[in-house]
Amino acid sequence: MKKIAVLPGDGIGPEIMAEALKVLAALELPIELKQAPVGGAAYELHGHPLPEATLQLALDSDAVLFGAVGDWKYDTLERRLRPEQAILGLRKALGLFANFRPAICHAPLTDASSLKPELVAGLDILIIRELTGDIYFGQPRGRRTAVDGHFPGAEEAFDTMRYSRPEIERIAHVAFQAARKRNKKVTSVDKANVLETFQFWKDVVTEVHAQYPDVALDHMYVDNAAMQLVKAPKKFDVLVTGNMFGDILSDEAAMLTGSIGMLPSASLNERGQGLYEPSHGSAPDIAGKGVANPLATILSAAMMLRYSLQNPDAADRIEAAVGAVLDAGLRTADIAAAGAATVSTREMGDAVVAA
Ligand code: NAI
Ligand code: MG
């Protein structure tokens, strides 16, 4: 029996989670779901956004299904008590190092988007971002008085870009294995022409590739990748890159898809445990109104089945049901063309269950 920690969180979190749970229940899977408070909801109950019991539940589970956390009313709290700290705490405690951000553009949604349909309709790419290394965490970092460079004696700031061989190897394995479940093509994005760190990245990814002869690998500089994502995004299948380039490219790719309300995400560790959540936040502006799009959370549950619960058939069924509902024309407000009819959060969830 696989165990899932369900952490609905704040704002629209509980509303969209209820719909994802309905979909999971309809599949009648051998899974055990346990709920716990997180974020602002947990702070209200226990004085901390990630209480010990919630953290323990996550550690003891095969996967965490996470709604969203945060509200403006916590902006004045000291940093360690803010809702968003719960995500960072979970990432750290679970050792989540691989961030999966699919960018999928369901063909019928292009009527509500301002993008060229021929470029994005049917888009289905997966960006895999390394989450624990790179210039975001490298030491040393700080401020000092420059001893050399263009302005010796001036105040300066610096960060350290670094990757170790095991860090690159493990994310490369994740990317090749994910590609095997898709169209067997990996593009590794680097800046090997300028940065030693990313020449090393390129060398190590190429070495790991020798173990995956059935998967095609190519390399692309990050500036070109930024261009190609806009010009011809469908040419990609799996795109793997470091923490900083992945941060930027995954947000760029998100805008190819129509709405943030459609985008799932996953963060995985070496044991295959994962945290699955919509890419959006708690949307306090629409919380409690029953209008939030639950599809990002429902699709996150599908990713959970595929990547942590080894049940690709159930994942396929959810994704097919979402596609069918969109084909049938159902739209929450965020994905509706101007003036078109819309459905509520619950009606969308019910339609996916029916499909
Ligand atoms: P947001 O993603 O919550 O909302 C941005 C805009 O998108 C809003 O207009 C919202 O109504 C809309 N939106 C988001 N999800 C939607 C959905 N499912 N259906 C329809 N519309 C949707 O980002 P924002 O406003 O910057 O942040 C709100 C709160 O969420 C903040 O406290 C922030 O820190 C937190 N946050 C939490 C995240 C998480 O839990 N992983 C990630 C990002 C933000
Ligand atoms: Mg970002």
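Two residues are in contact here if their C-beta atoms, placed from the backbone, lie within 7 Å. With that in hand, welcome to a short tour of this predicted model.

**Around glycine 349**

- Glycine 349 sits in helix H12, which covers residues 345-354.
- Is glycine 349 buried or exposed? It counts as buried because 25 C-beta neighbours fall inside 10 Å, and the cut-off for buried is 20 or more.
- Glycine 349 and valine 23 are 326 residues apart along the chain, yet their C-alpha atoms are separated by 7.2 Å.

**Helix H1 against helix H10**

- Helix H1 (residues 13-26) packs with helix H10 (residues 295-307) at an angle of about 45°, and the two axes are 8 Å apart.
- That angle makes H1 oblique to H10, and the crossing is right-handed.

**Helix H3 against helix H4**

- The axes of helix H3 (residues 52-59) and helix H4 (residues 85-94) come within 10 Å and cross at roughly 45°.
- H3 and H4 are therefore oblique to each other, and H3 passes H4 in a right-handed crossing.
- H3 brings Leu55, Ala58 and Leu59 to the contact, while H4 brings Gly89, Leu90, Ala93 and Leu94.
- Which classes do these residues fall into? The contact of H3 with H4 divides into six nonpolar, one polar and no charged residues.

**Annotated aspartates**

- An unreviewed UniProt entry places the feature "binding site" at Asp223, Asp247 and Asp251.
- Aspartate 223 belongs to helix H8 (residues 222-231). Because it has 13 C-beta neighbours inside 10 Å, aspartate 223 counts as partly exposed.
- Aspartate 247 is part of helix H9 (residues 243-254). With 17 C-beta neighbours inside 10 Å, aspartate 247 counts as partly exposed too.

**Backbone details to look at**

- Where is the cis peptide bond that joins a glutamine and a proline? It joins glutamine 139 and proline 140, with omega about 0°.
- Proline 140 lies in the loop between strand E5 (124-130) and strand E6 (142-145).
- Glutamate 28 is a residue other than glycine with a positive phi, near 50°. You will find glutamate 28 in the loop between H1 and strand E2 (31-35).
- Glutamate 28 counts as exposed because it has 8 C-beta neighbours inside 10 Å, where 12 or fewer is the limit for exposed.
- Alanine 283 is not a glycine either, but has a positive phi of about 40°. Its place is in the loop between strand E12 (274-278) and H10.
- Alanine 283 is buried, since 23 other C-beta atoms lie within 10 Å.

Conventions: Residues are numbered from 1 along each chain as its sequence is written. Chains are lettered from A and ligands numbered from 1 in the order in which they are written. This is a predicted model: local features need pLDDT of at least 70, side-chain atom pairs count only at pLDDT 80 or more; totals for chains, interfaces and linings use all residues. Axes are lines fitted to C-alpha atoms, for helices over the stretch in contact, and angles run from 0 to 180 degrees between N-to-C directions. Helices (H or I, at least four residues) and strands (E, at least two) are DSSP runs, numbered from the N terminus. Angles under 35 degrees count as roughly parallel, over 145 as roughly antiparallel, 65 to 115 as roughly perpendicular and the rest as oblique. A crossing is left-handed if the near helix is turned anticlockwise from the far one by less than a right angle, and right-handed if clockwise. UniProt positions are given in the numbering used here, feature names are shortened, and annotations may be inferred rather than shown by experiment. Ala, Val, Leu, Ile, Met, Phe, Trp, Tyr, Cys and Pro count as nonpolar, Asp, Glu, Lys and Arg as charged, and the others, Gly among them, as polar.
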